[in-house]
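Please look at the sequence and the model side by side while you read this report.

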Amino acid sequence: MQTNVLAYLEHSAACFPQKTALEDETTCLTFQALWDQGRRIGTALARKIGGHNRPVAVLAGRNAATVLAFLGVLYSGNYYVPVDRNMPRQRMERLLQRLAPAALLYAEEDKALAESLSPAPVSLWESAQIQADGALLSSLRRRVLDVDPAYVIFTSGSTGEPKGIVVSHRSVIDFTDWYVDTMDIGPEDVLGNQAPFFFDLSVKDLYTGLKSGASVYILPKKCFLFPTLLIQALNDHQVTTLSWAASAFHLAANSGVLEKHVPKTLKRVILGGEALQAKQLNRWRRALPQVQYVNVYGPTEVTVDCTYYFIDREFGDTETIPIGRACANKELLLLDKAGRPVPQGQPGEICVRGSGLASGYFDDPDKTAEVFIQNPLNPHYRDILYRTGDIAVEGEDGNFRFLARKDNQIKHAGYRIELGEVEAAVNSLPDIQAAVCLFDEGRDKIVCVYQGAAPGQTVAAALRELLPRYMLPNLYRPVAEMPYTANGKIDRVQLRRDYDGTNSIL
């Protein structure tokens with residue numbers, strides 16, 4: 001019985017010791033090197049901080065060193081907490097104050113930053129010089145249970161206030177075993193990593209590679225600024241698998257690069273993080289019809305994904321792509337506000353149960369109790385559901401379709417409207433690259449913020465062919481470029497801050 005995610009690394013290091021496990025622009029590490037250096041770092045950390053099941057912060061960048069740090073923390077018998085090295089200083093200080101980590105692990109280029117932030121900075125490079133202590137590591141390993149934390153990921157969600165989501169070894173193991181088997185990933189594959197290591201989407205690349213023996217290539221950030229470089233990198237490293245945020249997928253499609261160059265070795269593309277738009281999907285499918293595309297859905301609190309849908313038919317540009325059915329050992333319930341199941345075909349809040357549920361929020365029992373609730377359909381014993389705050393509908397085919405965030409469901413002009421439906425219609429228009437709809441409650445107006453060449457009047461005229469009159473936006477605001485969060489999602493909080501209620505085009 002596997003109880004620790006490190007077993008993945010140890011198996012692959014035994015089977016493929018000299019195979020490339022992880023590569024960035026400057027570093028290439030084999031499975032044997034990951035195992036050896038991870039144990040060294042774990043030994044150094046254990047000697048320095050002692051303890052067990054304590055949080056260790058890691059200054060995370062887009063590099064192999066970050067993954068080494070994660071493995072070292074796990075070998076020390078503790079759990080890692082990625083901290084974006086580029087986040088604003090004030091937010092970083094607030095996060096670390098809340099976390100009170102036993103140590104802050106850093107790469108050499110971050111030494112000054114780490115020493116200014118933490119009373120317990122630990123050098124990754126110096127730690128890797130320590131001889132591994134097998135007896136110490138074995139004694140620490142025996143204490144770690146599968147229900148203990150593997151990591152905590154802090155996310156701001158829609159409120160902007162950081163919350164730390166605690167995810168156990170068991171949740172990661174159950175998800176990874178399902179994912180590798182379902183997506184048919186093996187040692188011959190190369191994963192093209194897009195997601196930053198402080199974003200839960202990267203969990204798929206990290207643990208899929210460790211379990212399957214696949215290589216992981218960390219795509220440089222510049223690739224997503226210059227799409228031609230992106231295609232070149234995918235071809236140079238013979239990437240077969242992309243597990244990306246949908247926004248990165250959309251950006252590549254919108255750039256026009258796929259009409260000129262294509263990734264030649266690509267087999268599968270798995271997309272999540274935001275709603276997948278059919279228009280951009282169709283651009284990829286025209287360029288790469290042989291690739292298997294998969295739409296997945298899941299918040300960090302359910303360990304990356306809880307549904308999946310293999311795209312097996314054509315979709316019109318205005319259609320909604322299903323998020324599919326539940327992943328193994330997870331169940332989705334659609335409940336109304338009173339906690340009752342909604343009839344098939346009616347919208348309800350997605351509630352998830354199963355082994356993938358997080359242990360809760362770090363040092364926040366009130367928030368944990370608010371969304372990790374007793375299953376209202378089962379009063380007889382402890383049976384926890386996670387309330388996602390997302391609204392979906394189940395179709396006659398058994399596939400779920402995402403509609404909107406619960407807080408994106410509005411009452412406007414006497415009608416109940418899902419803003420996600422309005423956004424899907426705007427995003428289907430040929431001249432639109434990205435769009436978000438906000439609701440100005442004080443003025444009772446739907447505001448469409450979009451990136452694209454079309455003037456507001458043209459967008460409004462096109463939407464009249466797609467939406468009923470009561471769902472049409474009242475104001476249109478073009479922007480030169482959408483703001484994005486560090487994990488690649490459109491920054492809705494920033495858009496709402498920027499919107500002042502006056503500088504829009506009718």
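Strand β1 (residues 20–23) and strand β2 (residues 28–30) run antiparallel and are joined by three bridges, where two strands are said to pair if DSSP finds at least two bridges between them. Helices (H or I, at least four residues) and strands (E, at least two) are DSSP runs, numbered from the N terminus. Within this pairing, Thr20 has Thr30 in β2 as its bridge partner, and a hairpin of four residues leads from β1 to β2.

Strand β1 is also joined to strand β10 (residues 215–218), in this case by two bridges and in the parallel sense. Here the bridge partner of Leu22 is Val216 in β10. Strands of a sheet pair through backbone hydrogen bonds, either parallel or antiparallel.

## How the model is to be read

This is a predicted model, in which local features need pLDDT of at least 70 and side-chain atom pairs count only at pLDDT 80 or more, while totals for chains, interfaces and linings use all residues. Residues are numbered from 1 along each chain as its sequence is written, and side-chain values use heavy atoms, with hydrogens and water left out.

Strand β3 (residues 55–60) pairs with β5 in the parallel sense over three bridges, and Val58 has Leu105 in β5 as its bridge partner. Strand β6 (residues 121–123) also runs parallel to β5 and is joined to β5 by three bridges, with Leu105 standing opposite Val122 in β6. Together with helix α5 (residues 111–117), β5 and β6 make a right-handed β-α-β unit, where right-handed means that, with the strands pointing away from the viewer, the path from the first strand over the helix to the second runs clockwise.

## The sheet of β24, β25 and β26

Three strands form an open sheet in the order β24-β25-β26, and their pairing is mixed. Its edge strands, each of which pairs on one side only, are β24 (432–440) and β26 (475–478). On average, neighbouring strands of this sheet are turned by 25 degrees against each other, direction ignored; axes are lines fitted to C-alpha atoms, for helices over the stretch in contact, and angles run from 0 to 180 degrees between N-to-C directions.

Strand β25 (residues 445–452) and β26 run parallel and are joined by four bridges, and Val449 stands opposite Arg477 in β26. Helix α14 (residues 419–427) lies across β24 and β25, running at about 150 degrees to β24.

## Two residues with positive phi

Which residue in the loop between α4 (89–99) and β5 deserves a look? Ala100 is found there, and Ala100 has a positive phi of about 50 degrees although it is not a glycine. Most residues other than glycine have a negative phi. Because its relative accessibility is 55%, Ala100 counts as exposed.

Asp184, in the loop between α8 (169–182) and β9 (190–193), likewise has a positive phi, near 55 degrees, and is a residue other than glycine. With a relative accessible area of 58%, Asp184 is exposed.

## Two buried residues

Asp146 is found in the loop between α7 (134–143) and β7 (149–155), and with a relative accessible area of 15% Asp146 is buried. Not counting residues up to four places away in sequence, Asp146 touches Met1, Thr3, Ser168, His169 and Arg170, where contact means heavy atoms within 4.5 Å.

Ala253 has its place in helix α11 and is buried, with a relative accessible area of 3%. Leaving aside neighbours within four places in sequence, Ala253 is in contact with Leu258, Gln280, Arg283 and Trp284.

Note on methods. Buried < 20%, exposed > 50% of the residue type's maximum accessible area, 1.4 Å probe, protein only.
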